[in-house]
Amino acid sequence: MFKSGTIVKVLLPNVVNRGYDYRLNTDADLGAFVRVTLMNRPYVGVIYGVGDGAVAPDKIKDISCVFPWKLSIADLQWIQKMSDWTLMAPGAVLRLIINVPDAFAEPKMEQLYSYNFDAPKSKMTESRQMVLDAFELNDNEPMSVPDIQSIARVGPSVVKTMITRGMLVPAFSRPIEQSFEYQYRDMGNIELNAEQRVAADKIGHDIDQGGFSVNLLDGITGSGKTQVYFDSVWRAYSAGKSVLLMMPEIALTTQFIKRFESRFGAPPVVWHSNLTAARRRDIWRGVMQGKIRVVVGTRSALFLPWQNLGLIVVDEEHDSSYKQEDMGNYHGRDMAILRAKLSNFPVVLASATPSEETMHNIEIGRYGHLVLRSRYGGAELPKIETIDMRENRPEEYKVNNEESRVGSLSPVLCEEIKNTLNNHRQVMLFINRRGFAPIVQCKKCGWVATCADCSVGMTYHKRLGKLLCHMCGRTMALPDVCPDCGGDVSMRGAGLEKIEEEVKSRFPSARTAIVSSDTMMSRGALERLVAKMESGELDIIIGTQILAKGHHFPNLTLVGVVDADMGLFGTDFRSPEHTFQQLFQVAGRAGRGNAPGRVLLQTYQPTHPVLTAICAGNRDEFFRADMDARRAAKMPPFGQLIAVVIECKKESVLKKFCEDLSRAVPNVNGARIMGPVMAQIYMARNWYRMRFLISGDARAHLQPLVTLWLSRVNVPANVRVKIDVNPMNFM
């Protein structure tokens with residue numbers, strides 16, 4: 001507790017600060033939220049420690065307000081540890097927590113009205129009588145206008161007229177806040193099988209014992225991992241703890257919400273990027289006040305102001321969407337584990353295709369390993385096979401019964417689609433490429449349509465009728481002829497829309513839909529499509545990675561991967577791992593009901609280790625081989641990498657600054673600083689980009705080296721420096 005008059009350090013939520021000195025005008029605890037001004041601008045920050053005395057006492061401003069809420073000591077330690085690891089300023093980490101500006105504002109008020117029985121007599125219409133009845137039934141308890149309309153079942157004009165005539169009079173005002181104080185109970189409608197019970201009991205023991213632990217719940221798709229960690233949720237919740245279920249954005253589906261409500265009798269509070277400002281405020285305040293104790297959310301839910309957090313579940317822990325690359329670079333899974341370690345509670349990681357970092361931590365005994373080997377309810381695993389496209393060339397198909405195009409679907413896959421539809425089963429076709437054609441090129445001179453703001457090619461989207469840059473969103477009309485030589489322009493490659501065109505040509509009676517971030521512009525749109533698939537209103541669904549996980553379609557028996565080679569030969573050392581995970585997850589959508597499933601992978605590389613491992617079900621052997629290759633190359637998790645990306649809108653300034661950085665490289669042992677080199681995407685949104693890469697062995701602590709190196713140069717105002725610890729994006 002700091003006494004009134006004490007000079008304290010206040011951390012503010014912006015990207016540069018490490019705390020400023022202010023004077024308390026009342027007693028306050030370490031971690032308390034406070035309101036201050038900086039350069040005449042109001043901020044809400046937290047008391048981060050004792051002032052450092054860098055400012056003369058007579059120039060130190062007073063704290064204008066101390067709120068009744070605070071972060072715990074463990075939360076403050078987490079902010080500092082996360083800052084040390086990611087090299088984000090502590091204020092930048094705090095900005096991830098204080099990310100709801102309205103949370104500290106006075107809530108909006110709503111007026112409540114009572115019925116005035118002494119009002120002058122007015123014509124009592126049927127609608128006005130219904131309002132009177134509503135108040136009499138509720139003993140004239142004051143009600144808001146929306147409540148009056150809802151209970152009396154009248155329109156707003158009726159209520160407005162009654163207020164004008166004095167029939168309804170103001171009673172009092174109250175804050176407008178939506179309540180999420182759900183009470184959960186175990187409905188007892190799920191019985192775990194023997195494998196699930198062993199896993200649930202181990203996690204439950206860790207929860208009951210208390211203390212930090214990490215367990216990987218490693219189960220094949222459809223093995224019932226969700227019900228196991230639901231058991232853990234109930235154990236922690238019934239012990240009075242708060243619980244966070246972290247999920248990739250794509251996995252937050254209506255199906256999951258329904259399963260949660262079925263198990264616990266009420267829906268979870270859901271946190272994601274598409275909430276309204278009012279809902280974000282109410283959830284943030286509810287968590288801060290300890291009223292909300294269970295949240296299902298994306299990586300940003302980790303930064304809610306949790307009270308008495310006792311369990312974090314990270315579902316699909318391998319998913320790359322847990323890596324944040326905009327407002328600071330951090331990995332949500334790793335920061336969740338760090339938070340749990342500092343606050344001393346368990347973490348459950350769940351995946352059918354665990355990350356190699358997680359498998360390494362199991363190998364060295366740092367994490368527990370709980371395995372589910374069979375599908376829940378006795379469903380069979382799908383049979384996975386490759387189609388050698390060197391021997392099964394796609395045939396031509398006609399567009400509108402006129403123009404012929406070379407297809408992308410092999411005769412073998414087409415025949416299997418036909419058989420599946422004849423058996424009244426559903427088909428999923430997967431291609432992780434949006435639009436119609438990824439390359440628009442001149443046949444004569446080789447000109448390629450590229451974005452004027454980014455050094456990437458533009459994709460033709462038939463539905464838009466335009467070229468679209470997937471980096472910045474710029475659009476451009478499809479040219480009739482080459483702008484350089486006047487030659488004919490052709491479209492190369494196949495995207496989602498082209499596969500849809502081919503499917504409709506080959507299977508005209510099939511009910512077809514496509515799913516990508518272009519077509520599913522909202523969560524509601526995706527949920528409506530999923531509902532159609534569940535109800536049997538669709539026969540063939542064609543999609544990108546948005547369909548790879550999180551969905552359960554009992555009547556889906558065939559999955560066709562149009563281009564299984566995509567990603568096999570990327571420059572990223574994680575390409576084999578990510579390709580395996582993606583294809584394995586897609587394959588897991590087939591045969592989840594009573595009928596067996598089949599998965600066909602179209603490839604020109606049928607002997608590639610990734611594909612042979614998937615077909616043979618040799619997941620662990622593949623990961624061991626891939627990890628051995630990483631160990632030899634000292635790549636994560638057997639080494640460390642830090643990327644430093646320099647960006648500037650003036651190419652000459654960028655190159656000059658990179659030269660200055662190169663000259664400032666310190667002499668070090670056990671680490672290498674490589675670069676600068678042009679980034680693979682040299683220009684993005686009109687910013688030129690160069691990269692440095694720092695590498696070291698697994699025990700090297702590279703962050704102090706990077707801090708020392710960058711402190712040796714002055715960063716121009718028009719230059720951006722981005723630091724990414726153990727990067728997942730090398731573009």
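**View 1. Strand E6 pairs with strand E7 in this predicted model**. Strand E6 (residues 109-115) and E7 run antiparallel, joined by two bridges. Pairing requires at least two bridges between two strands in DSSP. Strands (E, at least two residues) and helices (H or I, at least four) are DSSP runs, numbered from the N terminus. Tyr-113 faces Met-143 in E7. Residue numbers start from 1 along each chain as its sequence is written.

**View 2. An open sheet has the order E7-E6-E8**. Three strands form this sheet, with antiparallel pairing. Strand E7 (143-144) and strand E8 (168-175) each have a single partner strand, so one side of each has no neighbour in the sheet. Helix H3 (residues 126-137) lies across E6, E7 and E8, at about 95° to E6. Axes are lines fitted to C-alpha atoms, for helices over the stretch in contact (heavy atoms within 4.5 Å). Angles run from 0 to 180 degrees between N-to-C directions.

**View 3. The second largest pocket holds about 1,200 Å³ of space**. The closest of its 39 lining residues to the centre are Trp-85, Asp-334, Asn-361, Arg-366 and Asn-726. H10 gives the largest share of the lining, seven residues. The lining divides into 15 nonpolar, 14 polar and 10 charged residues. A pocket is an open set of points on a 1 Å grid over the protein atoms alone, where a 1.4 Å probe fits, with protein on both sides within 12 Å along at least five of seven lines; lining residues have an atom within 4 Å of a point. The volume is the space filled by probe spheres set on the points. Local features need pLDDT of at least 70, whereas totals for linings use all residues.

Technical notes:
Predicted model: local features only at pLDDT ≥ 70, side-chain atom pairs only at ≥ 80, totals over all residues. Heavy atoms only, no water. Nonpolar A, V, L, I, M, F, W, Y, C, P; charged D, E, K, R; others polar.
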